[in-house]
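Colleague: Could you walk me through this model? I have a few questions ready.

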Amino acid sequence: MSFGKIIIALLVFSIIIIIHEFGHFIVAKYNKVGVIEFSLGMGPRLISWGKTESGHKILFFKTSKWLDEHPIFGENTLYSWKLLPFGGSCMMLGEEDMSVEDDRAFGKKSVYARMAIIFAGPFFNFVLAFLLSLIVIGSVGYDPALVSRVAEGSPAEAAGMQVGDTIKEVDGKKIVIDRDLSYQIMFHPFSDREVTITVERNGEEKVLTMLPQQQSVTNTDGTKVTKYRCGFNHGLSERQKVGVWDTIKYSAYEVKFWISTTVQSLGQIIKGNVSKDDISGPVGIVKTMGDSMTQSAKNSKEGEAAKNVALTLINIAILLTANLGVMNLIPIPALDGGRLLFLIIEWIRKKPLPQKFEAYVNAAGFILLMALMVFIMGNDIVNLIPKKK
């Protein structure tokens, strides 16, 4: 993958992360919490800027050690860009030390204010997903679940399904966009029992019942497996443009779709239905983004490559930012969800948990997260190595 594509992918990551941290930052400022440092990235500082206590704006190309030894910013926020382009932080006064005696300290604010500050990061990820969805759907429309082909002699044909039907429900599961249908079939594959599919045809809904047929399917690795098929294809039609209100409606649904899909995917991981090769970390995502840009440009009509590549990147960013929002809300120590859990416990108990206990749990959670990150990145790198046939 070219260096340019890596830079673009890192830029997308950076925007998603900075929006997440900005959520924490803006709600902290609203609640008059002192923000010591707002940074993009992890590791040593590359560039820092801010106002000194005397009000002078300054830009530093200093080491982290120098800045730590010269706390000249007083109550002003230090803004930093750090070496590693993954992650970021909004470091608040008294965030880790509840004993700080300052009205601006995080720990001195009400439990509701602290909950709002912590939740704001993931929430801003969802807001970003919605705004990006407005761009995509406003530009090219949404993807209805239209039937594009019905095989002769198939259960779908016997049930009366026709090309052009819009699928509205599968076994009671509401279908709004084509990906709903794709993921419904992926998470709940057809089996040897009857399937009830509701379709819309010429403004009328029809309920079709069919019994899937067993078929032998060859996987990409050459192995053959038995699957159940109903004998219809979908999702090969172009997107449909809609008006302003429907653009807003489908954009909101896009966010809901990716939140739901992320939660279902986590369920599949917990159940052991997903192998390690199906999980991607930063390296794998960067590669996927590069491959998607290349494929999008290759399949574009003349003069539309730049637009299609941009829309492809935005679609990936929607997936990533919604995914980050959900993952951060998982009640694991060191994540926003873990901190929210502690705050909920504090709200129930009417007093915070012992600070040492919370610190130990968060430290353990951070170590586990770092170990998981190393494992996933290692797995990404292994997957990049061509496999011998």
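Modeller: Happy to! This is a predicted model, where local features need pLDDT of at least 70, side-chain atom pairs count only at pLDDT 80 or more, and totals for chains, interfaces and linings use all residues. Residues are numbered from 1 along each chain as its sequence is written, and side-chain values use heavy atoms, leaving out hydrogens and water.

Colleague: Where is confidence lowest in the protein?

Modeller: pLDDT is the predictor's confidence in each residue, from 0 to 100, and the protein averages 82. Helices are DSSP runs of H or I, at least four residues, numbered from the N terminus. Confidence is highest in helix α3 (residues 111-140), at a mean of 95, while the lowest mean, 58, belongs to helix α2 (residues 64-69).

Colleague: What share of the protein's residues is buried?

Modeller: Buried means under 20% relative accessible area, with a 1.4 Å probe and protein chains only. Of the 389 residues in the protein, the buried share is 38%.

Colleague: How do helices α5 and α6 run relative to each other, roughly parallel or roughly antiparallel?

Modeller: The axes, lines fitted to C-alpha atoms over the stretch in contact, come within 11 Å and cross at roughly 10°. Angles run from 0 to 180 degrees between N-to-C directions, and those under 35 degrees count as roughly parallel, over 145 as roughly antiparallel. So α5 and α6 are roughly parallel.

Colleague: Which residues of α5 make the contact with α6?

Modeller: Contact means heavy atoms within 4.5 Å. On the α6 side, the residues include Tyr253, Phe257 and Trp258. From α5 come Arg179, Asp180, Tyr183 and Phe187.

Technical notes:
Helices (H or I, at least four residues) and strands (E, at least two) are DSSP runs, numbered from the N terminus. Buried means under 20% relative accessible area, exposed over 50%, partly exposed in between (1.4 Å probe, protein chains only). Angles under 35 degrees count as roughly parallel, over 145 as roughly antiparallel, 65 to 115 as roughly perpendicular and the rest as oblique.
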